[in-house]
There are 2 protein chains.
Amino acid sequence: MAIKPFTEEELDDIYAFAVQLGKDAGKLLLEAAQARFNGSGQSSQDFSEKDSAVDIVTKTDEDVEAFIKTSIAEKYPDHAFVGEESYSKTCSSRAYLISDTTPTWCVDPLDGTVNYTHLFPMFCVSIALVLHGKPTIGVICAPYLNQLFTACRGRGAWLNETQRLPLVRSPSIPPMPENAPQSCVFSCEWGKDRKDRPDGNLCRKVESFLNMAAEVGGRGGKGGMVHGVRSLGSATMDLAYTAMGAFDIWWEGGCWEWDVAAGIVILQEAGGLITTANPPGDSRTSKIEDVKLGSRLYLAIR
Amino acid sequence: MAIKPFTEEELDDIYAFAVQLGKDAGKLLLEAAQARFNGSGQSSQDFSEKDSAVDIVTKTDEDVEAFIKTSIAEKYPDHAFVGEESYSKTCSSRAYLISDTTPTWCVDPLDGTVNYTHLFPMFCVSIALVLHGKPTIGVICAPYLNQLFTACRGRGAWLNETQRLPLVRSPSIPPMPENAPQSCVFSCEWGKDRKDRPDGNLCRKVESFLNMAAEVGGRGGKGGMVHGVRSLGSATMDLAYTAMGAFDIWWEGGCWEWDVAAGIVILQEAGGLITTANPPGDSRTSKIEDVKLGSRLYLAIR
């Protein structure tokens, strides 16, 4: 079905649906995590001794995605759905996933899988509605943190539905520091590709992290002396915290659409910028392109 | 005053006092943070436009330490007190801070200062009672996360007073993986010393991070291929999450007593090990020494 433009009222309805869906999915994630605690009053009988943490997480991932997919199909049978779990099972090669003509839901049922396995709180569910290739509604629910990030194009970005993002707005949103990146908090992830090759992802990433961290003048003039370097193990949470203003700069390569679709609209509605992380031809004069979903390489600034 | 050994009842009383003190101090931190939000229903009138985030944080840091110090002095006038803020103001050189003969409270009113300024949730207050040089009571309160970590020697370690640490205990506490560190989550911090010198802290730390992260066989055989690398910007929270089981390994150099005193007893009561991070003479046969407060270089394992 080609997209008939939604009225503002229709968009409000879809936004409310997406927010509730994010809350419900987050609750499912947390309940499954709590079943692994001891002494929390939750039952651990669902898991036999032979179930490994990884099996439990895979099952949770699939269950939560199925719940989201079914809920959307019941409410909006004409919309398309792209989810991490469904995609991983059916596709072997990399293809651009989002239709330009059909309203498409882009969902990661669980970002921060390793964190979830270890009960480190930085995990979340990410739900986005993409229209004409642009993320238009975004919901990120981090249930263990009690943090719900939401945005809809034109309606601002919100934490827990009551606090406008970015959080620090009194008396005004602080501008990026004049000596940026020196006073900035920089977030980045080490990723899973750890081949020890000079041209590999690991070495190139660590080069970049070192440049951001090293004293000004160091690293052949590239030293950024950022105020802090953070790695959370969840690209989606990185992006949410950049929207919140907790982080100033985030970059990542190798993202999938479901990692970033919700975060993009939340960041943009909070006044942040996101573009491809490929350096421009001339850093002073080149136009900064708007991000395109599917570019895989992202740079976000609050 | 020389230490007269406390009875178990006396220790219970002091523990209850310390836990309440941690909660109250955490509440003060959170209230000061919330005053910087806009639209949260909190007043921002206390801060004039010229107040920078740094000034506000310094004031909060001092206020919270003063509150803790006064509360302890009223209740236990014979005990000694070592706090980060008081120490920084009065001492210029590095000295070992903890008395062997007087019960000493060792307090960091705010760990994760940069996070606090940016409203990134990973900040906390850390309160420890040290007896005969050994951390005996530890309280870490991360108020924005609603997480309170507590322990007293012989009484176990707890999250929010109800969940025994480490969290995952069903059906039993999972052992360290046989292929460790491959399945481990490793936490580490970049620190503030970022001189671009081969023998400087930055380069030596990044060497170590790279060894932990790189593929097995990489880095001249040192590659650890850990499951994840995390940097939170708070050594105290790193240690708390290692006790919780969210992280498996943490190491840090340059810690102060108040960064780690509470975390040490919480980790140990959760069954974890903490020692100096200096490598032993022979890794197979050397005795693993118990940690000493003041060693500045720490290695913790859940």
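**Notes on the A–B interface**

1. Chain A and chain B bury about 4800 Å² between them, and carbon and sulfur atoms give 60% of that (buried area being the accessible area, 1.4 Å probe, that two parts lose on being put together, summed over both). On the chain A side, His118(A), Trp190(A) and Arg194(A) supply 15% of the area buried against chain B, more than any other three residues.

2. A word on the basis: this is a predicted model, where local features need pLDDT of at least 70 and side-chain atom pairs count only at pLDDT 80 or more, while totals for chains, interfaces and linings use all residues. Residues are numbered from 1 along each chain as its sequence is written.

3. If you count residues, 58 of chain A are in contact with 58 of chain B (contact: heavy atoms within 4.5 Å).

4. What about salt bridges between chain A and chain B? The count is 0, taking a side-chain nitrogen of Lys or Arg within 4 Å of a carboxyl oxygen of Asp or Glu.

5. Which element of chain A gives the most to the side touching chain B? That's helix 5, with 5 residues; helices here are DSSP runs of H or I, at least four residues, and strands are E runs of at least two, numbered from the N terminus. Helix 4 (113-118), strand 9 (228-230) and helix 6 (235-244) are among the others that each supply at least two.

6. For Cys141(B), the nearest cysteine sulfur belongs to Cys124(B), 8.4 Å away. Cys141(B) is buried at 8% relative accessibility, buried meaning under 20% relative accessible area (1.4 Å probe, protein chains only).

Conventions:
Chains are lettered from A and ligands numbered from 1 in the order in which they are written. Side-chain values use heavy atoms; hydrogens and water are left out. A disulfide is a pair of cysteine sulfur atoms within 2.5 Å. Buried means under 20% relative accessible area, exposed over 50%, partly exposed in between (1.4 Å probe, protein chains only).
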